[in-house]
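Biologist: I'm new to this structure and would like a guided tour. Could you take my questions one at a time?

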Amino acid sequence: MIYTVAVRELCEFTAKQGDLDLRFTPAPTAAEGIAGHALVAGRRGEGYEAEVSLSGQFEQAGVTLQVRGRADGFDARRQRLEEIKTHKTRLELQPDSHRQLHWAQLKFYGWLLCAQQGLAELELALVYLHIGSQQETVLLQRCSAAELRQHFELHCQRFLLWAQAQLAHRAARDAALQSLSFPFSDFRRGQRPLAKAVYQTAAASGCLLAQAPTGIGKTLATLFPLLKAAPTQQLDKVFFLAAKTSGRALALQALRALSPTKEAPESPPLRVLELVARDKVCEHPGQACHGEACPLAKGFYDRLPAARTAAVAEAGLLDQARVRSVAQQHAVCPYYLSQELARWADVVVGDYNYYFDSSALLHHLTQANQWRVALLVDEAHNLVERGRKMYTAELQPLTLAQARRAPAAKARPPLKRALDKLRRCWAALDTPEAEDYRCLATPPHPLLDALQQATSVLNDHFAEHAAESDAALQAFYFEALHFTRLAESMDSHSLFDLTRQQGAPRGGPASLLCLRNLLPAPFLAPRFAAAHCSTLFSATLQPARYYGDLLGLPEDHRFIDVEAPFEASQLQVQVARHISTRYPHRQSSLQPIASLIAKQCAERPGNYLAFFSSYDYLQQVAELLAEQQPALPLWRQTRQMSEAAQHDFLARFTEAGQGIGFAVLGGSFSEGIDLPGRRLIGAFVATLGLPQVNPVNEQLRHRLQTLFGAGYDYAYLYPGLQKVVQAAGRVIRTPEDQGVVHLIDDRFARREVQALLPGWWSERC
């Protein structure tokens with residue numbers, strides 16, 4: 001057996017020691033790093049060989065470890081091998097763990113070069129280049145080939161123990177997956193064609209957009225065939241990406257059904273990892289992530305190997321609870337333990353941002369390790385808006401004001417001058433005649449120049465004062481850096497706008513600045529291209545061209561519309577043509593809506609959900625209904641509802657219960673919840689869900705009209721009807737369910753609207 005590994009990856013695994021230290025220090029960009037390496041190589045003169053490709057092998061117990069890498073430079077005359085590292089901070093502030101890792105990498109390259117060229121000894125040079133001053137600091141060690149070989153073999157032995165376990169795990173996993181059986185006696189109606197399409201997509205290394213009705217078990221119908229395809233397609237990882245916690249929970253539930261149990265020990269030994277946001281798992285909130293502040297960061301890398309081994313000792317579910325348990329046993333941070341385990345998991349379940357965000361962990365690891373990965377994107381209709389948010393940047397007047405009030409900004413003239421200049425350029429945009437909302441073709445050059453100068457000065461400040469911690473300056477710096485980076489890629493996919501804010505700090509700018517992404521496709525397309533195959537699925541992906549255009553799917557992507565397992569007779573869909581929920585008609589619609597709800601609840605008592613376009617509209621109808629029908633139980637969604645309150649809201653939907661829950665369309669109760677049987681027998685949707693007509697959405701409409709020729713549909717109609725279908729999909733969850741949906745607005749009778757409703761019940765409208 002051969003296991004191939006890069007020098008960097010091997011050393012990251014075996015040579016890291018000491019504390020976890022995530023104190024912010026400015027780091028060179030990729031472009032600065034490349035330029036720095038070229039500068040150093042250019043100084044070396046003739047005979048200096050840059051970018052030296054090296055490889056070697058280590059064999060033990062029938063396993064060959066193929067180690068490969070690229071040394072930065074070799075001077076044959078001086079017999080000196082160099083590893084070049086660029087930096088911006090003072091070198092004495094560099095953590096010891098970083099220095100040890102750099103030496104470990106260089107010694108690996110040293111042995112590979114000695115073995116390749118038959119050298120008896122070698123001078124090793126760690127070259128640290130300061131990006132600002134362009135000064136070099138050179139640290140030297142002279143090592144014999146025997147010393148370098150001993151270092152090489154020691155670390156290879158450490159890694160090979162893990163690699164052998166990995167190879168054995170991979171072989172056992174793939175063998176079991178080849179004979180994997182569906183965990184239930186049969187597929188539900190609709191599951192088989194979906195599963196077949198997912199398998200074929202993996203085999204063709206393609207991209208699938210799958211619309212499948214709510215309630216058929218899409219999660220299991222996508223995971224099962226992809227795992228079956230993993231051995232033949234040589235998949236390293238499956239990433240299940242969800243928009244909400246409920247989506248992750250469904251994926252973990254499905255994977256439990258596919259994991260080994262006492263009843264089914266032959267199931268595949270899958271390592272399934274759940275990734276959770278840091279603020280949800282942090283054991284010491286408020287403490288900085290370094291050894292001087294957090295006890296779990298102190299000596300993190302010294303205790304990591306044992307924690308990692310314990311976590312993967314048995315195949316199974318590494319969900320939030322189990323990772324936390326292992327972390328507590330070994331006194332390590334659970335969040336960063338889970339980040340390390342992502343390298344060794346077979347299936348990773350996490351939020352969209354772990355793969356699609358600009359600094360996404362899973363995408364970075366995929367690129368660095370050249371993994372063959374398969375993507376499953378759950379409730380993919382959400383990715384449009386989430387993608388926009390990932391590639392949108394804002395600058396808040398308050399953030400600048402707080403940065404200017406920071407002690408360091410007042411005490412250090414270069415900082416004060418840079419932030420004051422930015423304040424003046426920003427405030428100059430707020431002329432008295434300017435409208436409250438404005439959209440400009442591009443950010444003004446004086447503003448961008450001042451912003452870039454401010455980030456540069458802040459960068460130098462943090463480099464010189466890395467030991468200091470100033471939350472206000474760092475918060476502004478990160479906002480500004482994100483803004484300037486997105487400004488560099490400004491194109492037709494985004495716009496620059498200003499929104500005047502009430503209560504902005506006096507004496508400064510009054511407008512929020514926003515680089516607003518309208519079309520996430522240019523940013524998401526490379527992420528899909530990096531995967532071996534992708535399947536995006538949801539109950540609402542119609543029309544397919546809308547999602548293909550906005551998400552940047554490959555031109556040859558395939559679309560399927562899975563037949564519903566339900567009969568039209570299961571769901572009565574009624575359109576209230578006599579009611580208009582348009583904003584000018586809201587007041588006159590209150591009584592007809594209340595009467596309709598009361599009539600339905602009297603004719604068929606049970607649990608219902610009523611969806612409205614806003615909290616105010618919801619409140620008005622609920623108050624009127626409570627006044628006229630005091631015996632009818634009702635409960636309401638509120639703004640900023642806690643998780644406990646959401647749980648209590650859903651707990652009222654019992655099999656024997658009666659009443660109506662009022663909720664906002666597009667909120668937490670309109671998708672991702674499961675209330676089968678008599679827990680929910682009907683829904684009222686008192687809105688088309690169309691986004692509000694405002695200056696931002698009008699800019700979106702104009703831009704999408706220019707790009708795709710369907711501005712109103714892309715900006716308003718399709719997003720609105722997607723929310724309606726999602727909400728209505730809460731009613732029928734199983735083939736045995738019976739229910740009713742009232743679509744309350746005369747516009748639901750229009751042909752273009754009817755075309756966007758599910759085919760299996762549109763005829764009832």
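Biologist: Which residues lie nearest the centre of the largest cavity?

Modeller: The model is predicted: local features need pLDDT of at least 70, side-chain atom pairs count only at pLDDT 80 or more, and totals for chains, interfaces and linings use all residues. Residues are numbered from 1 along each chain as its sequence is written, and side-chain values use heavy atoms, with hydrogens and water left out. A cavity is a set of points on a 1 Å grid over the protein atoms alone where a 1.4 Å probe fits but cannot get out, and its lining residues have an atom within 4 Å of a point. Here 14 residues line the largest cavity, and nearest its centre lie C282, Q287, C289, C294 and C333.

Biologist: What volume does the largest cavity have?

Modeller: The structure holds five cavities of 30 Å³ or more. Grid points are joined across faces, edges and corners, and a volume is the space filled by probe spheres set on those points. For the largest cavity that comes to about 120 Å³.

Biologist: Which elements give two or more residues to the lining of the second largest cavity?

Modeller: That cavity has a volume of about 90 Å³. Its lining includes Q320, V323 and R324, and also P334, Y335 and S338. Helices (H or I, at least four residues) and strands (E, at least two) are DSSP runs, numbered from the N terminus. The elements giving two or more residues are α10 (320-330) and α11 (334-341).

Biologist: Moving on to the sheets, which strands does helix α19 touch?

Modeller: Four strands form an open, antiparallel sheet in the order β13-β16-β15-β14, where two strands pair if DSSP finds at least two bridges between them. Seven bridges join β15 (residues 494-500) to β16 (residues 511-517), and F496 stands opposite L515 in β16. Helix α19 (residues 471-488) packs on this sheet, and its direction makes about 130° with that of β13. With contact meaning heavy atoms within 4.5 Å, α19 touches β13, β15 and β16.

Biologist: Which strands stand at the edges of the sheet of six strands?

Modeller: This open sheet has parallel pairing and runs in the order β19-β24-β23-β20-β22-β21. A strand at the edge has a single partner, so one side of it is left without a neighbour in the sheet. The two in that position are β19 (571-575) and β21 (634-636).

Biologist: Which residue stands opposite F684?

Modeller: Strands β23 (residues 682-685) and β24 (residues 739-743) run parallel, joined by four bridges. In β24, the residue opposite F684 is H742.

Biologist: How many residues apart are Y546 and Y714?

Modeller: The structure holds 34 aromatic pairs, meaning that ring centres of Phe, Tyr or Trp (its six-membered ring) lie within 6.5 Å, with planes under 30 degrees apart counted as stacked, over 60 as edge-to-face and the rest as tilted. Y546 and Y714 make an edge-to-face pair, 5.0 Å centre to centre with 90° between the planes. Y546 is in helix α21 (residues 544-551) and Y714 in helix α26 (residues 711-728), a link between distant parts of the chain, and the number of residues apart is 168.

Biologist: What form does the peptide bond from Q542 to P543 take, cis or trans?

Modeller: P543 lies in the loop between β17 (533-538) and α21. Most peptide bonds are trans. From Q542 to P543, though, omega is near 0°, and the bond is cis.

Note on methods:
Axes fitted to C-alpha atoms, helices over the stretch in contact; angles between N-to-C directions. 1 Å grid on protein atoms, 1.4 Å probe; cavity = no way out; pocket = protein on both sides within 12 Å on 5 of 7 lines; lining within 4 Å.
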